[in-house]
Amino acid sequence: MIKPFKTPFFIALFTFILCILSPYYISGTDIPNNTIFSHILYVKKADFLESFLFSFPYIGKAISGNRWFIILLPLLSASPYLFRFSSELETKFFRFALIRMSYAQYWVSSFMKNGFFGSFTVMLGYFMYIVVVIINFPSPNEYPNEMMIPLNSYLNRIFETDNALLFLLSQALILFVFVFIVSEICLILYLILHNRYKAIGLPMIVFYLLDQVSISLFRVNNWDTRYDIISPVNLVFYTENSFSSFGMDIYWYYLFAALTISGLFVIGYILCKRRYSE
């Protein structure tokens, strides 16, 4: 049996593997369609200078092509803490914790641990991937000026710079918040279903279905980008495009995320208190 303190490490490692196995292809180049891992193994770094889209900021977002990353995200985000939390409730061990703290303190602690453990674990795997990408792919400065594409993330616009690390950080912040929300959704589902496996499996099925529905609606409705937001993949990796289709900027994403987290906190507080009184 894997010890609890080792679980985050294995989840981070699995996240890294998912990221580096993401497929990536740029049409009009001689570099074949393959995974990031295969590109690193079989393509010379100098050959990546054929297209600016092979610079490390864009490769950092290449995991958008690996839809399994998002589909498996409930498993990755919930595993670090949900199993421990469910064991505490099922064995009534949490009653010992309530000797030292109030119920409100216990719930705040559990809610925050669940969210941050999941987010930091997934982000650790993602940052491992980013480090590998920075080492093995060209930086934007290595390309001629005529080939460069402006790095136009919201952080780049705020600080008025083309800094590549800010470009990656903007994506990391969006992903961090999304992982936090997903981990809390799994926690709430566990309190409703009383089954941790269903609490993780149900969001995975829903994410897959939403992604397929988004693709179908996008095609049926003459490539209307407003349907992109239905897909968790587009919501995370093409956030600005998804919101701009509705005339909203990126900051609405964080507003909706804050409201969602607040709502999940209140719902979980009520549900967990009912479990406590059983």
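Guide: Asp-211, at 2% relative accessibility, counts as buried; buried means under 20% relative accessible area, exposed over 50%, and partly exposed in between (1.4 Å probe, protein chains only). This is a predicted model, in which local features need pLDDT of at least 70, side-chain atom pairs count only at pLDDT 80 or more, and totals for chains, interfaces and linings use all residues. Residues are numbered from 1 along each chain as its sequence is written, and side-chain values use heavy atoms, with hydrogens and water left out.

Visitor: Which side chain meets that of Asp-211 in a salt bridge?

Guide: A salt bridge is a side-chain nitrogen of Lys or Arg within 4 Å of a carboxyl oxygen of Asp or Glu. Here the partner is Arg-67, at 2.5 Å, N to O. Arg-67 lies in helix α4 (residues 67-71) and Asp-211 in helix α10 (residues 196-220), so the pair ties together parts 144 residues apart in sequence. Helices are DSSP runs (H or I, at least four residues), numbered from the N terminus. Arg-67 is partly exposed, at 28%.

Visitor: How many salt bridges does the structure hold?

Guide: There are 3. One of them joins Arg-84 and Glu-88 at 3.7 Å, N to O; both residues lie in helix α5 (residues 73-90), 4 residues apart, about one turn of the helix. Arg-84 is partly exposed at 43% relative accessibility, whereas Glu-88 is buried at 12%.

Visitor: Where do Arg-157 and Glu-240 lie?

Guide: Their side chains meet in a salt bridge of 2.5 Å, N to O. Arg-157 belongs to helix α8 (residues 154-159) and Glu-240 to helix α12 (residues 239-244), so this pair ties together parts 83 residues apart in sequence.

Methods:
Helices (H or I, at least four residues) and strands (E, at least two) are DSSP runs, numbered from the N terminus.
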